[in-house]
Amino acid sequence: MAARKGELPAGWTRYEGPLLTIWRVRYERIYGDGSAEHYADGMFVRDHRRPIAQWINYSAKAAVLVAPETPAGWPVQRFAIYYAPPGDGLEPVLTARHEWQPRGPRGSATDADAFAAAVEAAEQFLVAETAFGAIG
């Protein structure tokens, strides 16, 4: 059964705790031990870049993450969406770019705008993928 707007599909819950270790473990399975240290200022290793949003499906052993993707010093910052499918792997979820310029002109998108849009896109991904039976 499909979720209503604003509701998560059955089995999925928002996880409000620290960064899940699944992200580092799966990234390093793909790219080698220690490789997560160098990706996006160590985002998958140290729980230091905020805001982030995570959803988890315990029964499917799957998760979704919204987190900063670009190094902190870059002039354009971006949130990315990552999917850890049941079993193994780590996939970026391709959507519109959820970005902002920290020194952008007044009235341009802010980090809060970009984060809210990325969270909405991640929840839409969960609904769509669950409806097609790919996850959960």
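Modeller: On a 1 Å grid over the protein atoms alone, a cavity is a set of points where a 1.4 Å probe fits but cannot get out, and its lining residues have an atom within 4 Å of a point. The model is predicted, so local features need pLDDT of at least 70 and side-chain atom pairs count only at pLDDT 80 or more, while totals for chains, interfaces and linings use all residues. Residues are numbered from 1 along each chain as its sequence is written, and side-chain values use heavy atoms, with hydrogens and water left out.

Colleague: Which residues line the largest cavity?

Modeller: Its lining consists of Leu19, Met43, Arg46, Asp47, His48, Arg49 and Ile52, and the space inside is about 40 Å³.

Colleague: And how are aromatic rings read?

Modeller: A pair is described by the distance of the ring centres and the angle of the planes. Rings of Phe, Tyr and Trp (its six-membered ring) pair if their centres lie within 6.5 Å, and planes under 30 degrees apart count as stacked, over 60 as edge-to-face and the rest as tilted. By this rule there are nine aromatic pairs. Tyr27 and Tyr39 form a tilted one, at 5.2 Å centre to centre and 35° between the planes, whereas Tyr39 and Tyr82 are edge-to-face, at 6.3 Å and 80°.

Colleague: Is Tyr82 buried or exposed?

Modeller: Tyr82 counts as buried (under 20% relative accessible area, with exposed over 50% and partly exposed in between, for a 1.4 Å probe and protein chains only), because its relative accessibility is 5%. Ring pairs also link Tyr27, Tyr31, Tyr39, Phe44 and Tyr82 into a cluster.

Technical notes. On a 1 Å grid over the protein atoms alone, a cavity is a set of points where a 1.4 Å probe fits but cannot get out, and a pocket is an open set with protein on both sides within 12 Å along at least five of seven lines; lining residues have an atom within 4 Å of a point. Grid points are joined across faces, edges and corners, and a volume is the space filled by probe spheres set on the points.
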